[in-house]
Amino acid sequence: MSSTDEERSAEILTELDRLRNRTRTRTHGGAWLPALAIAALLLASIALYQMPFGQLTAISADHPYWAGLPDQQRQPVLSYVFWFVGTPLLFAATAAWYTLRARRLGLRVSWPIFAGAGLGVLLLLAVLAAVPESEVGSDALAPAPDWIWQGLLTPLLPVAVAVLALAWAERSPGLAAAGTWIALLTVWLCGTFPLGYLPPWATNLLGGGSGSLGGQLSLRPGHYLVLMALPLVVFAAVRAARTRRVPNA
Amino acid sequence: MPDDRPAPAHPALALDDTVHQRVRLGILTVLSETRECKFATLRDELGLTDGNLNRHLRILEQAELLRVIKGYEGRRPCTWLRLTRQGRAALRAEVAALEQLVSRLRSATAEPEAES
């Protein structure tokens, strides 16, 4: 093979790169909407708490945490309806969005994986929530082992799984980071009590002195939910701006 | 003492005739970025005629590198195309062979410069 053939190979590779980038931008240009919708769902869930931003003197939270985070909710039934109706509605709206886009652009995304994973974990949550409830007071700083797993029965976990599945379907490292962030915050906040509990090693690391019993961050559910939604909002803004620059995307 | 070791195979030998054709490489590249792609979208993207695209699709389908899915959109018949696992692997191997060729070219052009 001559150097001309090798030059042609370089040309082909450049052309394939251009084609790949263009198709990728067009195919995955719609990811901003589900990301924004999930962020909106997380932010709307702030309304489920009695004092989402204000300090409470005492907190009691029942398993499962239907509002999402272990804090006092306005009405457990309202929280339950919010997540068990709101989340499937979100998936239905996303499915409609992807179907319309596929019809317009002629390019399909693996969105059923996103909806399937989210709904599957939500269903699993409903089944596991049949386990008898228990209540823990605000003075319990050291979580018991069963408290940790029961604490994970929260509607925030299906949301985290859905974002990770969306990241896979949209081949987006940004969404994968956002999903991991939501999952980590959920496991930390719902696997411990009270909300924002820091184990001794963490307080030592933050300068709380050795031999500490642990501590608590003075953030409230509203703050944590804003922190969870923030990467999704940033992702949606960047993706929407990038998509607008490409014609027919 | 002569070196008896066999010379490394030229990367051009790794090129697959079915995949290497320019249009077919384009088809596989577009399909690798989506779950499924409509026939008309692929035709417009690559600037081909229906007949020309059909000819290439048939070759790729016979090699089991893609699947042709026929259905309806409302009352209109519609054809969707999907890359198979073999198709994805074939594209990856082809791009790797092309990259090797290009790196040979780069090292060949860099050597005389280093000597001078």
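User: Which residue of β3(B) is the bridge partner of Leu66(B)?
Analyst: This is a predicted model, where local features need pLDDT of at least 70, side-chain atom pairs count only at pLDDT 80 or more, and totals for chains, interfaces and linings use all residues. Residues are numbered from 1 along each chain as its sequence is written, while chains are lettered from A and ligands numbered from 1 in the order in which they are written. Helices (H or I, at least four residues) and strands (E, at least two) are DSSP runs, numbered from the N terminus. Leu66(B) is bridged in β3(B) by Leu83(B).

User: How many bridges join β2(B) to β3(B)?
Analyst: Strands count as paired if DSSP finds at least two bridges between them. Strand β2(B) covers residues 66–73, and Val68(B) has Leu81(B) as its bridge partner in β3(B). The two strands run antiparallel, and the number of bridges joining them is 8.

User: Which residue in the turn between β2(B) and β3(B) has a positive phi?
Analyst: The two strands form a hairpin with 2 residues between them. The phi in question is about 70°, and the residue is Gly74(B).

User: Which residue of β3(B) is the bridge partner of Lys38(B)?
Analyst: Lys38(B) falls in β1(B), residues 36–38. That strand pairs with β3(B), residues 76–83, in the antiparallel sense over 2 bridges. Cys37(B) has Leu81(B) as its bridge partner in β3(B). For Lys38(B) the partner is Trp80(B).

User: Which residue of β1(B) is the bridge partner of Arg108(A)?
Analyst: Here the pairing crosses between chains: β2(A) and β1(B) are antiparallel over 2 bridges. Arg108(A) has as its bridge partner Glu36(B).

User: What is the strand order of the open sheet?
Analyst: The sheet has 4 strands with antiparallel pairing. β2 of chain A and β2 of chain B stand at the edges with a single partner strand each, so one side of each lacks a neighbour in the sheet. The order is β2(A)-β1(B)-β3(B)-β2(B).

User: At about what angle does α2(B) run to β3(B)?
Analyst: Helix α2(B), residues 22–32, lies across β1, β2 and β3 of chain B. Axes are lines fitted to C-alpha atoms, for helices over the stretch in contact, with angles from 0 to 180 degrees between N-to-C directions. The angle to β3(B) is about 90°.

User: Which element gives the largest share of the side of chain A that touches chain B?
Analyst: Contact means C-beta atoms, placed from the backbone, within 7 Å. By that rule, 21 residues of chain A touch 24 residues of chain B. Elements giving two or more residues to chain A's side are α1 (3–27), α3 (76–105) and β2 (107–108) of chain A. The largest share, 13 residues, comes from α1(A).

User: How many charged residues are on the side of chain A that touches chain B?
Analyst: Ala, Val, Leu, Ile, Met, Phe, Trp, Tyr, Cys and Pro count as nonpolar, Asp, Glu, Lys and Arg as charged, and the others, Gly among them, as polar. This side has 9 nonpolar and 6 polar residues; the charged count is 6.

User: Are α3(A) and α4(A) roughly parallel or antiparallel?
Analyst: Their axes come within 10 Å and cross at roughly 170°. Angles under 35 degrees count as roughly parallel, over 145 as roughly antiparallel, 65 to 115 as roughly perpendicular and the rest as oblique. The contact involves residues including Phe91(A) of α3(A) and Leu119(A) of α4(A). The pair is therefore roughly antiparallel.

User: How many nonpolar residues are in the contact of α2(A) with α6(A)?
Analyst: The axes come within 11 Å and cross at roughly 170°. Pro34(A), Ile38(A) and Leu42(A) in α2(A) meet Val159(A), Ala162(A), Val163(A) and Leu166(A) in α6(A). With no polar and no charged residues, the nonpolar count is 7.

Key. Two residues are in contact if their C-beta atoms, placed from the backbone, lie within 7 Å.
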